[in-house]
Number of protein chains: 2
Amino acid sequence: MSANSRLTIAAHALAWIGLYQRQGHEVATSEQIATSANTNPVVIRRLLGELRRAGLVESRRGVGAGWSLARELESMTLLDVYEALEPGPLFAMHRTTPDQECVVGRGIQPAMRSVYEGIEQTLRQELARVTLADVLRDVLATPR
Amino acid sequence: MSANSRLTIAAHALAWIGLYQRQGHEVATSEQIATSANTNPVVIRRLLGELRRAGLVESRRGVGAGWSLARELESMTLLDVYEALEPGPLFAMHRTTPDQECVVGRGIQPAMRSVYEGIEQTLRQELARVTLADVLRDVLATPR
DNA sequence: GCAGTCGCAACGGTAATTGTTACGACCGAC
DNA sequence: GTCGGTCGTAACAATTACCGTTGCGACTGC
């Protein structure tokens, strides 16, 4: 499957901003977060831009610009982040319509769709169970 | 995320072979299955080849060659198929190692790993709950 | 006005999947 | 023993998503 790290990087960025703010800073720059995540600032800005549209973070421009949390980490779940990233479905149907003259071709998509919907629902419940505050707590609990 | 249809096509193929065998036929050809799934026979052979390595189907060569089930559909779950396809992890970590000098950079991967492992475990349980016989039953229950 | 940062477009690189062609290997029928 | 039908597999192009990078305009506190 796709090895996509967007959720991981987004969680990394939010945890970083949250910790930085706890240390008394107002805003964090994409440059700082990118250094911690070992990637490019534009990648961080792109991701945080999506989180901003979902109301999870805010950005300030001009001198002393940067990013801050729009909500407490305690009220933010991994599901909120996951949905902000608008991922496609976990499993896809056929790329072309199967043969509608065939019994299996006609019935397979409704059959699989119901299975897939149940699985995605369960996935969302699991993601909703974990807050970003939980993530940051686990991060800080890691032995050095 | 990745819109990959491998699990869907594999389930389609297995349901097709299972139904065909119930109708009294010995083997199904990749050509027939490809017609039903509206794709190329080589795609089907590649997929079924992976299922064969996992012991789910068998293939015969020569004249009258084709594919048959190695086990009853009732004993085959979507988890068996999923694992036969050896999908990568649902969520990936950073592509490059995060900054180990940073507290978040050090702790984020263990923290996310434990979340992701729980989710994959749940996914497997859901897939294990559905047999291919269930899928075929649902397929046949679809109104025409 | 200046400096620092975001916003965003553009482009190339990488990787996975899918579709396609080609061809050798196999084996039952004749 | 040849033939025809099918699998097994390699090779390649096309597509897609994501990632990394560069460049530059927009914004704002000083």
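Student: Which residues come nearest to DNA strand C?

Tutor: This is a predicted model, in which local features need pLDDT of at least 70, side-chain atom pairs count only at pLDDT 80 or more, and totals for chains, interfaces and linings use all residues. Residues are numbered from 1 along each chain as its sequence is written, while chains are lettered from A and ligands numbered from 1 in the order in which they are written. A residue is near a strand if its C-beta atom, placed from the backbone, lies within 6 Å of it. Of the 29 residues around DNA strand C, the nearest are S30(A), S5(B), T39(B), V42(B) and G62(B).

Student: Which element gives the most to the surface near DNA strand C?

Tutor: Helices (H or I, at least four residues) and strands (E, at least two) are DSSP runs, numbered from the N terminus. At least two residues each are supplied by α2 (30–37), α3 (41–53) and β2 (66–69) of chain A and by α3 (41–53) of chain B. The most, four residues, comes from α3(A).

Student: Which rotation superposes chain A on chain B?

Tutor: Copies are superposed by least squares on the C-alpha atoms of residues with pLDDT of at least 70 in both. With 0.0 Å of shift along the axis and an RMSD of 0.1 Å, the rotation is 180 degrees. The two copies are thus related as by a two-fold rotation axis.

Student: Which element gives the most to the side of chain A that touches chain B?

Tutor: Two residues are in contact if their C-beta atoms, placed from the backbone, lie within 7 Å. The contact takes 55 residues from chain A and 55 residues from chain B. On the side of chain A, α1 (6–22), α2, α5 (103–128) and α6 (132–141) give two or more residues each. The most, 15 residues, comes from α5(A).

Student: How many nonpolar residues does that side of chain A have?

Tutor: The side of chain A that touches chain B has 18 polar and six charged residues. Its nonpolar residues number 31.

Technical notes
Nonpolar A, V, L, I, M, F, W, Y, C, P; charged D, E, K, R; others polar.
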